[in-house]
Amino acid sequence: MSDTTNPIACTVDLTAPGRNLGYLLVPHSVHRSAYGHIHVPVASLVGPRDGPSILLMAGNHGDEYEGQIVLSGLMRDLDPDRISGRLTLLPMANFPAAEAGMRTSPADGGNLNRSFPGKPRGTPTEMLAHFIEHRLVAGTDLVIDLHSGGSSLYCVPFGMTSWVEGNEHNPLRRSVMAALGLDAALYHLPDGDGWYSSSAAWRAGAAGFTLELGGGGTVDPEIRRRARDGVLRALRVAGGYDDDGEAGPIPDHPREFKDESLIFAEEPGLYEPLCHAGDSVDAGKRAACIHFPETPGKAPLDVIAPRDGYILAHRVPARVLRGDCLFHVGH
C-alpha cells in the first residue's frame with residue numbers, strides 16, 4: 001500500500017480481514033544508512049461485520065508512555081471476531097521520539113502534535129503527520145489519541161474533544177467521553193486550521209479525542225488499567241467492539257469544563273508547587289512559588305492564580321525557565 005505523493009509505505013494491507021501487524025516505512029536517508037527507513041509499528045483489526053472505522057494512536061509524544069503500553073496490549077489481546085468495522089492502532093506514532101523517550105523526534109526535532117497536516121515529502125515527522133492525517137484519519141468515524149503529561153507535567157486522567165452545538169457527532173462525543181471513565185472532560189472549540197491530531201480529526205469530519213493520562217516520566221499502573229478499560233468501553237459504545245462486559249459498566253459522567261487556561265513561569269528559578277493536579281484553585285491565591293537561590297537575599301516570586309479553576313495538570317521538574325508551563329487549568 002503506497003501513496004503517490006507520500007513515500008511512506010505500509011507493510012500490511014490495513015483493510016484485510018483479521019489481525020494485521022506490520023510497519024509504516026518512513027524513508028530516512030542518513031550518514032549511517034543511505035537507503036534507510038524508520039519502522040513505525042502499526043496494526044489493524046478488521047472484523048466480520050460492518051461497523052465504524054476507528055483509529056487509536058499513542059506515542060505522538062515519545063515521553064508519554066501510558067498510551068503506548070495500552071495500545072500495545074490491545075494490539076495483542078483484542079479478538080478480531082468481536083470487531084465490527086475496522087480498528088487501526090498506532091502505538092508509537094512518532095517512533096524516533098518514542099524509542100528515545102523524548103517529546104520530540106531526535107531524527108529531525110519534530111513535534112508530531114505540532115505538525116499536522118504535515119508535508120508529503122518533508123522531514124520524517126512531517127511525512128508521518130501527512131500520512132496519518134490523509135491515510136489513517138481520513139475516512140474514520142472516531143479518533144482517540146492517548147497522551148500524558150510526559151516528562152514535564154503530571155495530569156489527572158482527563159479527556160478533551162472539540163465541541164460545537166448542533167454537530168452531528170455530539171451524541172457520540174458524549175457517550176464516548178462517559179465511557180472513558182476519566183476524572184474530567186474538557187469540551188473545547190475546534191481548531192480546524194490547527195496542527196494537532198484533534199485538528200486533523202476535525203478536518204476529516206471524525207469525532208476526535210485527546211486523552212491525558214498521568215505522566216511525570218513514569219507509568220501509574222492504576223491509570224494504565226483505567227485507560228485500557230476506558231478505551232474498551234469507548235469501542236463498545238461506538239459500536240466497534242464487543243468486549244462482553246470485560247471493561248465493566250459505563251461510569252458516571254466526568255467533571256466537565258468548557259474553558260481552559262495555562263499558567264507560565266515569569267522568571268527562571270526553582271519552582272515549588274503549592275497545589276497539584278486534581279486540586280481546585282481560587283483566583284488571587286498563590287498556586288506556586290519560584291525561588292532564586294543563586295541570588296542571595298532575593299525573595300521568592302509568588303505565582304498567583306488569575307481565575308478560579310480546577311488544576312488538570314501541574315509541572316513536575318523544579319528547575320524552570322521563563323515561559324515554562326506550570327499549570328493547565330480547567331474552568
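Predicted model: local features only at pLDDT ≥ 70, side-chain atom pairs only at ≥ 80, totals over all residues.
Helices here are DSSP runs of H or I with at least four residues, numbered from the N terminus, and by that rule L180 belongs to helix α4, residues 170-180.

**First stop: L180 and its surroundings**

Select L180, and then show what surrounds this residue. L180 counts as buried because its relative accessible area is 2%, where the cut-off for buried is under 20%. If neighbours within four places in sequence are set aside, the residues in contact with L180 are F209, L211, R226, G230, V231, R233 and A234. For a distance label, pick the C-alpha atoms of L180 and R224, which are 44 residues apart along the chain and separated by 12 Å.

**Second stop: helix α6**

Next, select residues 221-237, which form helix α6. How far apart are the end C-alpha atoms of this helix? They lie 24 Å apart, which agrees with the 24 Å that 17 residues should span at 1.5 Å a residue.

Now look at the start of α6, where a side-chain oxygen of D220 comes to within 2.8 Å of the backbone nitrogen of E222. Just after α6, select G239, whose phi is positive at about 80 degrees. Continuing into the loop between α6 and β10 (255-257), stop at D244, which has a positive phi of about 55 degrees although it is not a glycine. Is D244 buried or exposed? With a relative accessible area of 60%, D244 is exposed, since the cut-off for exposed is over 50%.

Turn to the largest pocket, which holds about 810 Å³ of space. Of the 34 residues lining it, select R114, M160, Y196, E212 and H328, which are the closest to its centre. To see where the lining comes from, colour β7 (153-162), β8 (184-188), α5 (197-204), β9 (207-215), β11 (260-264), β16 (309-315) and β18 (325-330), each of which supplies at least two lining residues. The largest share, 5 residues, is supplied by β7. Colouring the lining of the largest pocket by class gives 12 nonpolar, 13 polar and 9 charged residues.

While strand β16 is highlighted, pick out R315, which is found in that strand. R315 is buried, with a relative accessible area of 10%. Apart from neighbours within four places in sequence, its contacts are S152, L153, Y271, V320, D324, C325 and L326.

Rolling a probe the size of a water molecule over the atoms shows where empty space is left. How many cavities of 30 Å³ or more does a search of the whole structure find? The search finds 2.

For the largest cavity, with about 40 Å³ of space, select the lining residues S53, I54, L55, R86, T88, R135, L136, A138 and T140. At least two of the lining residues come from each of β4 (49-58), β5 (84-90) and α3 (124-137), and β4 gives the most, with 3 residues. By class, the lining of the largest cavity divides into 4 nonpolar, 3 polar and 2 charged residues.

The second largest cavity holds about 30 Å³, and its lining is made up of T161, S162, R173, S198, A201, W202, A206 and G208. The elements giving two or more residues to this lining are β7 and α5, with α5 giving the most, 3 residues. Its classes are 3 nonpolar, 4 polar and 1 charged.

**Last stop: a cis peptide bond**

Finally, select F116 and P117 and inspect the peptide bond from the former to the latter, which is cis, with omega near 10 degrees. P117 is found in the loop between α2 (95-100) and α3.

Methods:
Residues numbered from 1 in each chain as written. Heavy atoms only, no water. Expected span 1.5 Å × (residues − 1). Polar contact = N/O pair within 3.5 Å; in protein donor to acceptor, adjacent residues only side chain to side chain. 1 Å grid on protein atoms, 1.4 Å probe; cavity = no way out; pocket = protein on both sides within 12 Å on 5 of 7 lines; lining within 4 Å. Points joined across faces, edges and corners; volume = space filled by probe spheres on them. Nonpolar A, V, L, I, M, F, W, Y, C, P; charged D, E, K, R; others polar. Buried < 20%, exposed > 50% of the residue type's maximum accessible area, 1.4 Å probe, protein only. Contact = heavy atoms within 4.5 Å.
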